[in-house]
Amino acid sequence: MSWLKEIGTFKVLSGACLTFLALFILLVIFAGSIFLGPSTLMSAFFSDELQFAIVLTLVTATIATALALIVSIPAAYVLSRARFPGRDLVDALINIPIALPPVALGTALLIFFTNTPLGVFINSSFIKLVFEPPGIILAQFSVISVLAVRLMKPVFDGIDPRYEKVARTLGHSELDSFMRVTLPMAKDGVFGAAMLAWARAMGEFGATVTLAGATRFKTETLPIAMFLNLSLANLENAMAIILILLGLTVSVLLVSRKIAYRGGISS
Amino acid sequence: MKIGRFALEGISFDVADSECLALVGPNGSGKTTLLECIAGVRQIESGRIQLNGVDVTHLVPEKRQVGYVPQDCLLFPHLTVDQNIAFGQRRPSGNGKDRAKEMMEWLGISHLGGRHTKSLSWGEKQKVALTRALITRPRVLLLDEPFSSVDRVSRRKLLGEMRKSLDEVSRTLGLASVYVTHDLAEAQLMTSEVAIMNNGRIEQVGSWERVLQTPSSTFVADFMGFNTLQGTLTSTDDGYAVAQADGRTIRGVASELRVGEPVIIVVRPEAISLSLGRNNGKPHWRHCECNVFQGSVKGMRKMGSLTQVSIDVGFPLNVEMSSDTVDELNLAVGTSVFAHFRASEVSFLRA
């Protein structure tokens, strides 16, 4: 057992734990796909239902991410730079959607749009959200926007505010300094945060199923399609969805990890 | 001026066109804060800021026409050298482009044009930052500790280059500049005037000669590294004043202080001469009113061509002299020496 002493018992035990976790995840995923067989999975993948779910998921997640970025970039910037009374309170409030289970967030949204005068007015006169596809975007937006703020704040924290001060003395307004100096300097971090938010939006289930419902060929995103297929014991489709989500998530995480390291986010 | 819990009080100084004023003081004295207030990048809660008699207190930084070279240069890392310089131009086309090119040629950095800022040496960064600040045609140039992050050896070379560039810029453009540093040697090399800050206030402002000859307060004397002693003024006659400190009589320049008043006696370390005999060997001092005290060397610290010698003559004195002279006198700890300093080099401050 001299090799054990040489490497160190703690390192060996830690390595064993890491190997166990990696094998466990691989076993669970690939055992299912091997059990079902590639031809079954391919036919499930090209089924109308899954094709619809893939397109809906990509479209809604992309729109939700774009909307989240429009709000989250300035919010993260203000939270990083500004010192104002009640800043800690605002910081804590922004964390609520992260701490809450997505189902609870979805329930709160559902109650707001069905039981409050303002919510009912928006839902009936402005845009139909409850049990409708726009509701998916809102549910995803609610979950990922605060996540994006959390991810981007450290990026802005890492950029010396004196760069903006210099830009101001060089004749540029506050907005211009932000757009031409801070944002380009933060672009790697912002892109990394956007990728992670996008991946999270694609996998969003709890808030989506509560607000937008689980209607086949209407509000059927990939996680909801998986839920519906599981409830019907359609294992082929459920497994195909798991593999699609896995492929998308792993790609996004690999890309965002690489970019985020450059931009100062630790994913 | 009030900024949060910090306040800048009674700040007022003049810098003539083509002149450079050094703003010196210990860390936390408010030098950078003052510079940022002048540049407009820090908001003040009360007070007023006037530039050339114009109230700019509520003017946004982009309208103040103040050139600002911050600590560490802060060149924009996502832009190349020429993009950094062109950043200061609202419309970088036509004449504007020519001006950027002209400025780069003038300051000898036209060869750096398309380079990435990360690949520049410190000296090159300084010149790019200076050019970028000048491209906006500022009325005042503010330089905030431009060499604070540079090692001592490189600093000496860079200071010379910067001084040359700054002199040329100031002379040609008739530009007034303010140079912040906490390094007195650097400030003396770069400027002809100095303002000494302490705790948000300017303690003294004037030419280096004047500040070195007659420091206005104990703080200024201590900050400059002068010898300070507590004593009492005993008499004044013939333009000289006499004070008693630790039982010793010291003659100095007469001041408005009254006989019997407690005073702080100030002597510059460079104004003291050491000799092994009572005669200090300086013929031009023969007819001067001179203070002579016998004592012994307590410690020595060599700093390149200069050596700081600590002696005890009944009270402690720091002497700064050339290392060659120290060698010639064969000084060592315990050596018996005579300390000489002219009365004209001694000033008295109210205690």
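**The A–B interface, and one buried glutamate**

Across the interface of chain A and chain B there are 6 residue pairs in polar contact, both partners at pLDDT 80 or more. That threshold matters here, as this is a predicted model.

On the chain A side, two helices each supply at least two of the residues that touch chain B: α9, residues 162–169, and α10, residues 174–185. The top contributor is α9(A), with 7 residues. Sorted by class, this side of chain A has 7 nonpolar, 4 polar and 7 charged residues.

Now the charges. The rule finds 3 salt bridges between chain A and chain B. One of the salt bridges pairs the side chain of K165(A) with that of E36(B), at 3.4 Å from N to O.

Next, the extent. In contact terms, 18 residues of chain A meet 22 residues of chain B. The two chains bury about 1900 Å² between them, and 63% of that is on carbon and sulfur atoms. Within chain A, the residues losing the most area to chain B are R162(A), T169(A) and L170(A), which together make up 34% of what that side buries.

Last item, a residue in chain A. Where is E204(A) placed? It is in the loop between α11, residues 187–202, and α12, residues 206–211. Is E204(A) buried or exposed? The relative accessible area of E204(A) is 1%, and the cut-off for buried is under 20%, so E204(A) counts as buried. Its side chain reaches the backbone nitrogen of A207(A) at 3.3 Å. Setting aside neighbours within four places in sequence, E204(A) is in contact with P102(A), Q140(A), V143(A) and P223(A).

Notes
Residues numbered from 1 in each chain as written. Chains lettered and ligands numbered in written order. Predicted model: local features only at pLDDT ≥ 70, side-chain atom pairs only at ≥ 80, totals over all residues. Heavy atoms only, no water. Contact = heavy atoms within 4.5 Å. Buried area = accessible area lost by both parts, 1.4 Å probe. Salt bridge = Lys/Arg side-chain N within 4 Å of Asp/Glu carboxyl O. Polar contact = N/O pair within 3.5 Å; in protein donor to acceptor, adjacent residues only side chain to side chain. Helix = DSSP H or I, 4+ residues; strand = E, 2+ residues; numbered from the N terminus. Nonpolar A, V, L, I, M, F, W, Y, C, P; charged D, E, K, R; others polar. Buried < 20%, exposed > 50% of the residue type's maximum accessible area, 1.4 Å probe, protein only.
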